[in-house]
Structures are given as C-alpha cells and as structure tokens.
Amino acid sequence: MPIRILPSDLSSQISSGEIIERPASVVKEIIENSIDAGAKNINIVIEKSGFQSIMLNDDGCGIHKKELLLAVCHHATSKINSLSDLDKLVTFGFRGEALASIRAVSRLTLISSDQFNDIAWKIYLEGFPSNHISVQPIAHPQGTTVLVENLFYNMPVRLKFLRNKKLEFLKILEIVKKIALSYFYINFSLKHNNKLIIQYNSINYEKNKINRLKDIINTVDINQFLEIAEKKHNMHFFGWISNPYDFKELKKIQYCYINNRYIYNNIFINAVRSAYYKISGKINISFILYLNIPPNDIDVNIHPAKSEIKFHKPNMVYTFIYQTILYHLKKIKKQYLLNNYSCEKKNNASQQKESHLDSLRFIFFTLMPLFFLRKNFSKNFNSEKNYNHFILNNSLEEYKCSIGKLLIIVRKYYGLIYNRNNFSLISFPLAEAIVRKEKLQNDIKKKAMLKCFLSNIKINITSQEYLILIHNKEILLKIGFHLIFKKKYVILSSIPIFLKKRNIHLIISDFFAFLFLKRQVSISEIVNWFYTNVFIESKNWTCSNGIAVLLEIEYFCPLLLINPPPKLLQKININKALCMLKI
C-alpha cells in the first residue's frame, strides 16, 4: 500500500502518537518501521547513547522517491487506508506519526531504495516547516537507512533531564532485546561507539527458538524454563514458563507478547499469576509468553505508546491463558511428586512401606478427584458451548477487576456500562481526573521525570511571597514548576505538561493564590488542588476516548473498582424497569 496522508475523519479516530521522549523511543519507532517493511536484517549503530547519532539500516521493501517527503509528514502512513482497517491491524505502525515526531526534535536524514529502482534517494530535514527540501540521488542497496543526529538539539530542557547517558543506553538495549524476542527470523545487530554490543542471528526452525532466548537472556539458566504451547478458539498461546519446583534462585523476567507486540496487559498477567499461585503458592515467577489472536478481537488504538491493548472478549482470553498454564503446571507437579517418591524409595529402603503409602495417598487425593471430575464434567457438559459457559462462570470468579463494556455515550459526559448482566453509568470527566491524579502520584513516588514544557511567565511578588516560594521550591520542582528567582519577581521557565491546553495564566494565578494562602504545602495538597481545579474537565466524549479511560482506570486504580465512589459510578436498577414493562 502506498504512503498517503490520512483524511481528517480517519486521523481524528486515531489516538495521538507517541512523543519522542528519549533515544530509546527513536530506536523503537524506527525498528518497528523496518519490521513492517519486511526487513530480514536490521543493523543499528549508536554514538554517545543516541544523543549524537542513531543510525538504522535495513533491507526492507524501501520507500519510493515520490513518497519520501510524505513519509516524514504527520498522519502519513502506508499501513491503513480506511477506518475499517483499524479493526484488522497486523503491523506495528498505523498512525503515521513516528518519523514526523523524530524529525521535530532532531536532524533527520532518510535514504531509501525500493525494488523497482536501481537508484536510491536521500532527503535531509531539520524540524518544521519543510521549505526547500531537496531529494538527491545516492548509491544505496534496496532498503532504508535512517540517520538521526543531535537529538533534542532544539530542546535543551529535555537534554537537561536526560543526563544519565548509561541509563539511556540500557533502555535502548532493552528495547532491542524485547523486539528481538518476538521476531526470531530477523538478524539484529547493535553497535555503540564502534563496539559490537549484540548480534542475534535469525532462527529458521520452530524448535530452535529457544536459542534466541539463550542469546538474549544469557544471565539465566535456560534449563529452569519449560516450554508450553496450546491452540484454541483461533488463538495460539506458546512460550516459556519458569519451573515452580526448581528451587534455584531465578531472576524475575516477565515478557508478554500479543501478535508479536510487547504489551503489558492486566488480563494476561493476572491469568498467569493466578495459575501459578493456585498450584505452587508462588508469586515470584518468570515467563516469556506469546499470544496470537485474530486482529479483530483486540483494539490496539487505545494508548499513545501502543503498549497496551484491550480485548473484545477478555473472559475468553483470561480463561484460555489460565487453563493452559494450569494444565502444564499440574503436569510439572505430578512429575515432581513422582520423582520425589522414586528418589525416596531408592535411597532409603527402610522407608519403603511409608513411600508406598505416600504413592497411594497421591493417587487417592490427586488422581481420583481428577477422574471423577472428568466423569462428571463429560456427563454434564457434553458440548463445547456448555464447556465454555462452565469455564467462564466458574474459573473467572477470582478475576473481577474489569469495569465492564462501554455501550454508548450518554449526554456528552457519561457512559453506559454493561458488566455481568448489570448496567451502570460512569462519569468520564471524574474517571479521567482520578486516573490523571493516580498517574501524577505514581510519577512523584517513583521520582520519575515529569513532562514539562517551556514557558516564560513572569510573576510579581512581595517579599513575604518570595519567602513562601523559597520554602516550597523543592516541592514545586517535583511537580514540574521550575522557578528563576529575581529581586521583585520570579520567572516560571517551565511548567507541567498537563497545563499546556488550559488557560495557563488563569490557572497559574489561582494556583499561586492557593500557595500563598497556605504558606507551606505538601505534595498531596498540591495534587489534590490540581485534581479539583485542572484534571476535571467538561468536554464532549467519544466511544474511543471512553474505552481508553476505562482501560486506564482498570490498570491504575483496580482497587477503586471494588467500591467505586457514588459520583464516579451509579448502578441502574434494570430489574425495576423490567417489572414495570412486564406484560
């Protein structure tokens, strides 16, 4: 499909693209573009942790000369063409934002040659707008080379917060490893400051995939992992899980992939953890698991970074993963118990009688209940439909953190929710505010770098107000306010990103009035102020925005769903209405 600018009615339905916040974000986006282009060899060369340069070379399908300029424009993509394509995505990218976002914060060179031309073409760009950009011929094999230089040269504030160059390189390394773990048939190499760091050779046979795992997770004894595989309901689930009965110390590794995309998903993680806990009581577990599912059964267009997805049939997915892990763990447990029995019988002949009794106890308490369960199960559930009904209504009792399915938007601000034969109304402005408050609190607790944007707001203050700001300087810095103190005024050099789309001067005026009134404030008081005065917004909601907020509130505030506040969620008495309508 050729690259084209998406129409406005389609681009408005797509969640906003990921902001390039660090070198690892650049590496992730350009590797994903190479994979979508069908590359078999991807070579990455990095200088000074990516701040000086990031170069990626691939042997994919390449870009035609006429499409080079389009490729670096906003909402220009070859992955989708209509709104219906969002329901059958099989590619990493689809928003057309990656190269445009990289171009905005770096000096970008793009060289590409497709299979239909003997000559390659090159363009060089620095930010926006794109006046007088020339396309030049150049020698280059089929494929694409992306060169990103002087990252954040036009954003010195961003560079100020990315001083730990070693940490930034480790994040790049982690990105390459995560992607290489899901694309076994691609050769990956990474060089840093002219030194070869990693070289992953392609895996051509299904049985040899374990070799890629050995190469990437070289600090772990691969014998501590067990391979699993299962197919059902058009879903294919496979990967490796740690042996709960191997008592060697094991580094905690938890990777989940859905359709080869690295994802963090509560349903996926909870299903695996619940199965482990039921068998062994362990929560410190490791796994590398892959789920292939039809694209129309998931929604990847709900998170800017595309790191989260929503299942259209979460109960079925949860059951499938839970039952598969449980089945394999039961096999491991049975083998472990039988091995222990055999060793005990061999090494201690004097306790042979007791060992025999242990074996009988095992058969009586473990195998016999399974036999009767199977007998009753086959008697009462003789069709796949009944089997699915049984599984969904019995094995999912532990998983109750889903808020439900959004049916429709009601009066601009509210959503009608269906969950377990119950209907409720949710307030989206309040739900979004709760999520934003929780995110801010988490970022502050983790001492993460809060996103800011540059400002130059001058505030005249009295000597008393000057002292108040001095005393609260460190707390304000944690929130994202950077103050430059002068004699009779202060300058706000940067402010939190969540204020960008608001009436900044009015909000800042009200906030500092609150600050001067309180004199000494805590972080929780500031967060609560923003929750009340900034985070709760009156805006028209769409179904796509509503689904995104439901997913976030399930992820960030799962405990809130157990006993939601009345102003957030109100149940609708459907039984009362049915009684009135009953004939």
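## A tour of the chain

Select Lys28, Glu29 and Glu32 to begin: a network of salt bridges links these three residues. A salt bridge here is a side-chain nitrogen of Lys or Arg within 4 Å of a carboxyl oxygen of Asp or Glu. In the pair of Glu29 and Lys28, the closest N and O atoms are 3.8 Å apart. Glu29 is buried at 6% relative accessibility, and Lys28 is buried at 16%. Buried means under 20% relative accessible area, exposed over 50%, and partly exposed in between (1.4 Å probe, protein chains only).

This is a predicted model, in which local features need pLDDT of at least 70 and side-chain atom pairs count only at pLDDT 80 or more, while totals for chains, interfaces and linings use all residues. Residues are numbered from 1 along each chain as its sequence is written, and side-chain values use heavy atoms, leaving out hydrogens and water.

Next, select Glu552 and Lys439. Their salt bridge has its closest N and O atoms 2.6 Å apart. The pair links distant parts of the chain, 113 residues apart: Glu552 lies in helix α17 (residues 543-556) and Lys439 in helix α12 (residues 428-445). Helices (H or I, at least four residues) and strands (E, at least two) are DSSP runs, numbered from the N terminus. Glu552 is buried at 17% relative accessible area, whereas Lys439 is partly exposed at 29%.

Now colour the nonpolar cores. A nonpolar core is a set of buried Ala, Val, Leu, Ile, Met, Phe, Trp, Tyr and Cys residues joined through side-chain atoms within 4.5 Å. The largest one has 60 residues, and those with the most contacts inside it are Ile31, Ile42, Leu110, Phe188 and Ile288. Helix α6 (residues 165-180) supplies the largest share of this core, 7 residues. A second, separate core of 53 residues includes Leu440, Ile457, Leu469 and Phe481.

Zoom in on Leu110. Beyond four places in sequence, Leu110 touches residues including Ile63, Trp121 and Val146; contact means heavy atoms within 4.5 Å.

Finally, colour by pLDDT, the predictor's confidence in each residue, from 0 to 100. The chain averages 79, and 79% of the residues score at least 70. Select residues 8-17, where pLDDT stays under 50 and the model has 24 contacts beyond four places in sequence. Over residues 360-401 the pLDDT is also below 50, and this stretch has 41 contacts in the model beyond near neighbours in sequence.
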